[in-house]
Amino acid sequence: MRLWDSATTRVNDAILAFTVGDDPERDLALLPYDCLASAAHADMLHGIGLLSDKDRSDLFGALGEAYQLARAGKLPIATEQEDGHTALEAFLTEKVGEAGRKIHTGRSRNDQVIAALRLYARDALLEIADASVALASVLIDRGREHAATLMPGYTHTRQAMPSTVGQLLFATGEGLIRDIDALILALGHANRSVLGSASGYGVPLPLDRQRVSDSLGHLELDLNSVFVQNSRGRFEGVVLFALHQISMTLSRLASDLILFSSEQFGFFELPVDLTTGSSIMPQKRNPDVLELVRAVPASLLGRYAEVTGLLQGLGAGYHRDLQRTKAPLMDGLEDSRNVLAVMQLAVERLGVNKEACAAALGDGIYQTDAVYAHVRGGEAFREAYRKVKESPQARIDHDELLRTRVHEGVPGTDQSEPLRRGLERIQEGLAPHRARPVSLGKA
């Protein structure tokens, strides 16, 4: 039965199916978080005298059972219940009777769904941040391993100046560190409490919103009750933007690995079990996983456009349009988890053919170094440039190439130490979001 049903209401089955959409399936993942938020809410209702000691104890026991069932995927949501919030309330009412009927006091499904989504997103973002840190760490390690492994550097897809394999890997590691900064910003939006805003206008009860926030380990409250509703779509957009930044960084590396592992280059070698075969060409091993990684930014950008685009023209407060922000957020988080997992494997197990990398350095790639050899000898840059352009210089010894590159961040330098410090700073930024309430869910 729907929470708003009565003997005098009847909704057409087609209308019900359309408005419910895929919420029953989506909410299976949100149910454990709805249990946590409900426990914090019940504790607060007890604190302001609206639940008895027995009500609180009974609800905590039933919520603990529901939490375990939900985590195991064994708390079903029927279509006629519309969503997980109704299913949870029905479960509690069946288990503890009158106390279950009191649990909705002081809240609406509007703040209930935002609370569950934020708790879900907080956990997912921390998981993604940890996976990003782990991948950045591997990139730094492998960058240091290949800091002196020469390969051509390209601009406009043409050979430009000598570079190293380490330079490419360090660049991606540094990019991820910057991307995690955006994740921390998104966590700041997720880690805020909303319960007590109800449908956007509060309730005429002395709710202790700060107590709920503290119980759930949130850093702060979203204060204004209307803003809480206005934050839907906006919050999802901030998260999807951060995820898109990570996907772009990894998409560019994936594109380089695809190109440079091809037969024409042979700089890199992908393990056979990370590639796929062809249904018609027996010799083929295809970098499908990297091609799919390369495609993910387009999907995330589309989801970002979807959740932010539907806000245009909406007035303040809740509108059913906002239901359609849930799927893009949840799918974006899942895509990001998967991309990080497969890229971790690819980077850890990437083979590097040092001979092929060095052999690919064409004669022209040495000419800028030749210009600067003249500059180090005292010539003006423009004069040296014209001289080398008119009379190209011979190839330069590879050891010499690396010896002349000494300033911060250039190919051939070990950038691991400052990048490691960047990861330490990131961990400090993540630390406040890891705080969890003590004994939440215990009577």
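These exercises work through pockets, a cavity and helix packing in a predicted model.

**Exercise 1. The largest pocket**

Task: Give the volume of the largest pocket, then describe its lining by position, element and class.

Solution: 
- Step 1. Start with the volume. The largest pocket holds about 760 Å³.
- Step 2. Take the lining. It consists of 29 residues. Nearest the centre lie Gly153, Tyr154, Ser163, Leu168 and Asp256.
- Step 3. Strand 1 (150-155), strand 2 (158-164), helix 7 (165-190) and helix 10 (234-260) each give two or more residues.
- Step 4. Sort by class. The lining has 14 nonpolar, eleven polar and four charged residues.

**Exercise 2. The second largest pocket**

Solution: 
- Step 1. The classes are five nonpolar, six polar and four charged.

**Exercise 3. The cavity**

Task: How many cavities of 30 Å³ or more does the structure hold? Find which residues line the largest cavity, and which helix supplies the largest share.

Solution: 
- Step 1. Count. There is one cavity of 30 Å³ or more.
- Step 2. Size. The largest cavity has a volume of about 30 Å³.
- Step 3. List the lining. It is made of Leu243, Ile246, Ser247, Val296, Leu300, Ser336 and Val339.
- Step 4. Assign elements. Helix 10 has the largest share, with three residues.
- Step 5. Classify. Five lining residues are nonpolar and two are polar; none is charged.

**Exercise 4. Helix 14 against helix 15**

Task: Characterise the packing of helix 14 (residues 367-376) and helix 15 (residues 381-390).

Solution: 
- Step 1. Get the geometry. The two axes come within 9 Å and cross at roughly 135°.
- Step 2. Name the arrangement. At that angle, helix 14 is therefore oblique to helix 15.
- Step 3. Assign the hand. Helix 14 passes helix 15 in a right-handed crossing.
- Step 4. Read off the contact. Helix 14 brings Gln367, Ala370, Val371, Tyr372, His374 and Val375. Helix 15 answers with Phe381, Ala384, Tyr385, Lys387 and Val388.
- Step 5. Sort the contact residues. Eight are nonpolar, two polar and one charged.

**Exercise 5. Helix 17 and its two partners**

Task: Describe how helix 17 (residues 416-430) packs with helix 7, then how helix 17 packs with helix 6 (residues 109-145).

Solution: 
- Step 1. Begin with helix 7. Its axis and that of helix 17 come within 10 Å, crossing at roughly 15°. So helix 7 is roughly parallel to helix 17.
- Step 2. List the contact. From helix 7 come Phe170, Glu174, Ile177, Arg178, Ile180, Asp181, Ile184 and Leu187. From helix 17 come Ser416, Leu419, Gly422, Leu423, Arg425, Ile426, Gly429 and Leu430.
- Step 3. Classify. The contact of helix 7 with helix 17 has nine nonpolar, three polar and four charged residues.
- Step 4. Turn to helix 6. It packs with helix 17 at an angle of about 170°, the axes being 10 Å apart. Helix 6 is therefore roughly antiparallel to helix 17.
- Step 5. List this contact. Helix 6 uses Leu126, Ala129, Asp130, Val133, Ala136, Ser137, Ile140, Asp141 and Arg144. Helix 17 uses Ser416, Leu419, Arg420, Leu423, Ile426, Gln427 and Leu430.
- Step 6. Classify again. The contact of helix 6 with helix 17 contains nine nonpolar, three polar and four charged residues.

**Exercise 6. Placing Ala356**

Task: In which helix is Ala356 found? Give its contacts beyond its neighbours within four places in sequence, and its C-alpha separation from Leu195.

Solution: 
- Step 1. Ala356 belongs to helix 13 (residues 354-359).
- Step 2. With neighbours within four places set aside, Ala356 contacts Phe265, Gly266 and Phe267.
- Step 3. Leu195 is 161 residues from Ala356 along the chain, and their C-alpha atoms are separated by 60 Å.

Technical notes:
Residues are numbered from 1 along each chain as its sequence is written. This is a predicted model: local features need pLDDT of at least 70, side-chain atom pairs count only at pLDDT 80 or more; totals for chains, interfaces and linings use all residues. Side-chain values use heavy atoms; hydrogens and water are left out. On a 1 Å grid over the protein atoms alone, a cavity is a set of points where a 1.4 Å probe fits but cannot get out, and a pocket is an open set with protein on both sides within 12 Å along at least five of seven lines; lining residues have an atom within 4 Å of a point. Grid points are joined across faces, edges and corners, and a volume is the space filled by probe spheres set on the points. Helices (H or I, at least four residues) and strands (E, at least two) are DSSP runs, numbered from the N terminus. Ala, Val, Leu, Ile, Met, Phe, Trp, Tyr, Cys and Pro count as nonpolar, Asp, Glu, Lys and Arg as charged, and the others, Gly among them, as polar. Axes are lines fitted to C-alpha atoms, for helices over the stretch in contact, and angles run from 0 to 180 degrees between N-to-C directions. Angles under 35 degrees count as roughly parallel, over 145 as roughly antiparallel, 65 to 115 as roughly perpendicular and the rest as oblique. A crossing is left-handed if the near helix is turned anticlockwise from the far one by less than a right angle, and right-handed if clockwise. Contact means heavy atoms within 4.5 Å.
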